[in-house]
Amino acid sequence: VTSPSPLGQVPCQGASNGRGLLMRGIRENSVSLVRKALGEEPMLAVLPLAQRQEPVLTVAIRQACSPTIFALLLEADFDVNATCPMGLTALDVVAGMEPATGAAAGGWQGGS
């Protein structure tokens, strides 16, 4: 028996599989896996998170995902204001990060 989510919706039966595929795509920085997960389960953005689970956008930031993955997540309506267990939004996490340099920044060497 599936209990209703806080939004009053009953999650789809494959939602946990879709979320697993989405998180795998984020961990692997795979646009194709993220796209596949969102295509198979378009309601992923509105499904409730497990207690103490970080929001998807925050996980994507911590994994240094590509801009294409962020675009897909934002187009799918993942909440930019969702907070992690510490009360931080994805933007708070970005603001607190040290700037990456050299190879750690994806090879960008900067320049003025």
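Is Val46 buried, partly exposed or exposed, and what is its relative accessible area?

## Val46

Val46 is partly exposed, at a relative accessible area of 31%. Buried means under 20%, exposed over 50%, and partly exposed lies in between (1.4 Å probe, protein chains only). Val46 sits in the loop between α2 (31-40) and α3 (56-62). Helices here are DSSP runs of H or I, at least four residues, numbered from the N terminus. In sequence, Val46 and Phe78 are 32 residues apart. In space, their C-alpha atoms are 7.3 Å apart.

## About the model

This model is predicted: local features need pLDDT of at least 70, side-chain atom pairs count only at pLDDT 80 or more, and totals for chains, interfaces and linings use all residues. Residues are numbered from 1 along each chain as its sequence is written, and side-chain values use heavy atoms, with hydrogens and water left out.

## The two sides of α4

Helix α4 spans residues 67-75. Its residues Ile69, Phe70, Leu72 and Leu73 are buried. They lie on the same side of α4, because they cover an arc of only 160° around the axis. That arc is taken from the directions from the helix axis to the C-beta atoms. Pro67 and Glu75, on the other side of α4, are exposed.

## Two positive phi angles

Most residues other than glycine have a negative phi. Ala64 is not a glycine, yet its phi is positive, about 55°. This residue is in the loop between α3 and α4. Ala64 is exposed, at 58% relative accessibility.

Asp77 belongs to the loop between α4 and α5 (90-95). With a relative accessible area of 60%, Asp77 is exposed.
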